[in-house]
Amino acid sequence: MTQMSITGKKKVAIIANGKFQSKRVASKLFSVLRDDHAFYLTKKNPDIVISIGGDGMLLSAFHMYESILDKVRFVGVHTGHLGFYTDYRDFEVDELIETLRADKGESVSYPVLNIRTTLADGRVLTARALNEATIKSIEKTMVADVIINHVQFECFRGDGLSVSTPTGSTAYNKSLGGAILHPTIEALQLTEISSLNNRVYRTIGSSLIVPKKDKIEIIPKRLGSYTMSVDNKTFTHKNVAKVSYQIDPKKIKFVATPRHTSFWNRVREAFIGEIGHEI
Ligand code: NAD
């Protein structure tokens, strides 16, 4: 198809995980959107990415298209249990198609985390996270200075630290005892992973919510190997000199669908379920 003939069409990428149910949804969406003159199916520079699977698939879709966050919008279809980033269930595909046909380009956007890792040899590695980034020491207790907006805050000792986004606050951060943060609050959350606290060593012991534009820096005091995670990816780095975390200038945009329910609704559905009224 030539560039001329796709002008005015919405460019849509469909990506799915390996589950049978996800492939079935993907092939239905593919055949309907392929035959609709309003859409052009392509994995290259799409306007809309339809992720089919669960939150893990949406995280992968985010990383696949993070270089074009300015222009791309995401929509998730869930093929398992309820997901956090997924608006549609697998049996609601017809509704999704109608929403895409009626779509006027509106979006709902959420903050993303920017991570800058400086290695001892001077190399700088950058990444973005939709949920969180963690750092843990492999060999020994992690000892690291925590600096918040250029203020030396504490010397942390323990397994590691997590920095999460507001939408990531309901993921690993929640399991670590962090707070749930509404995504209109553009802030990062620093949460401890098994800190050492006794008469000799002291950490704050609570998670910290750091506002937009402030920077969190972690300076490991010991050379050695560190396990660093960015959402669903894990890396091992030797000799990490410093890791800086800030809110990224770019946000993730989701297609504003009638199914995109309020944040508190999603939190309730994921963690509380039906509310019992028995006394
Ligand atoms: P996965 O698919 O096994 O996901 C783990 C669970 O986390 C799934 O139930 C998923 O629905 C849920 N989840 C993901 N993002 C969420 C969010 N923003 N809010 C609420 N729930 C969310 O594993 P994966 O694909 O590798 O996903 C990676 C994510 O798993 C990480 O970003 C991390 O947040 C989470 N995780 C959690 C723990 C924990 O809770 N102890 C440990 C490691 C990773």
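Select the ligand, then the residues around it: 14 residues surround the ligand, and the closest are Asp-55, Asn-131, Glu-132, Thr-170 and Ser-175. The model is predicted: local features need pLDDT of at least 70, side-chain atom pairs count only at pLDDT 80 or more, and totals for chains, interfaces and linings use all residues. Residues are numbered from 1 along each chain as its sequence is written, and side-chain values use heavy atoms, with hydrogens and water left out.

**The shell around the ligand**

Colour the shell by class: 5 residues are nonpolar, 6 are polar and 3 are charged. Here Ala, Val, Leu, Ile, Met, Phe, Trp, Tyr, Cys and Pro count as nonpolar, Asp, Glu, Lys and Arg as charged, and the others, Gly among them, as polar. Next, show the helices α3 (55-64) and α5 (172-175), each of which supplies at least two residues of the shell. Helix α3 gives the most, with 3 residues. Helices (H or I, at least four residues) and strands (E, at least two) are DSSP runs, numbered from the N terminus.

Now look for polar contacts, meaning pairs of N or O atoms within 3.5 Å; within protein, one must be able to donate a hydrogen and the other to accept it, and residues adjacent in sequence count only if both atoms are side-chain atoms. In the side chain of Glu-132, an N or O atom is 2.5 Å from an oxygen atom of the ligand. The side chain of Thr-170 has an N or O atom 2.6 Å from a nitrogen atom of the ligand. The ligand taken alone exposes 790 Å², and the protein buries 58% of that. These areas come from the Shrake-Rupley method with a 1.4 Å probe; for residues, only the protein chains shown count as cover.

**Glu-132**

Select Glu-132, which is found in strand β8 (residues 132-137). Is Glu-132 buried or exposed? Glu-132 is buried, with a relative accessible area of 6%. Buried means under 20% relative accessible area, exposed over 50%, and partly exposed in between (1.4 Å probe, protein chains only). Leaving aside neighbours within four places in sequence, Glu-132 is in contact (heavy atoms within 4.5 Å) with residues including Leu-113, Ser-162, Tyr-172 and Asp-231.

**Thr-170**

Move to Thr-170, in the loop between β10 (151-164) and α5. Thr-170 counts as buried, at 8% relative accessibility. Its side chain reaches the backbone oxygen of Thr-167 at 3.2 Å. Not counting residues up to four places away in sequence, Thr-170 touches Phe-84, Ile-180, Phe-263, Val-267 and Phe-271.

**Asp-55 and the annotated positions**

Select Asp-55 in helix α3. An unreviewed UniProt entry gives Asp-55 the annotation "active site". Asp-55 counts as partly exposed, at 25% relative accessibility. Residues up to four places away in sequence aside, Asp-55 touches His-78, Gly-83, Phe-84, Tyr-85 and Thr-86.

Then select the positions that UniProt (unreviewed entry) lists as "binding site"; among them are Asp-55, Asn-131, Glu-132, Arg-157, Thr-170, Tyr-172 and Ser-175. The listed positions span 121 residues in sequence, and the farthest two C-alpha atoms are 31.3 Å apart, so they do not all gather at one spot. UniProt positions are given in the numbering used here, feature names are shortened, and annotations may be inferred rather than shown by experiment.

**Two positive phi angles**

Most residues other than glycine have a negative phi. Asn-45, which is not a glycine, has a positive phi of about 50°. Find Asn-45 in the loop between β2 (39-41) and β3 (48-53); at 38% relative accessibility, Asn-45 counts as partly exposed. Asp-231 has a positive phi near 55°. Asp-231 lies in the loop between β14 (225-230) and β15 (233-238) and counts as buried, at 10% relative accessibility.

**Strand β4**

Finish at Arg-73, in strand β4 (residues 73-78). Arg-73 counts as buried, at 8% relative accessibility. Which backbone oxygen does the side chain of Arg-73 reach? The side chain of Arg-73 reaches that of Glu-106, at 2.8 Å. Gly-76 is found in strand β4 too, and Gly-76 is buried, with a relative accessible area of 1%. Gly-76 touches Ser-51, Tyr-85, Thr-86, Asp-87 and Tyr-88, not counting residues up to four places away in sequence.

How values were computed: Near = heavy atom within 4 Å.
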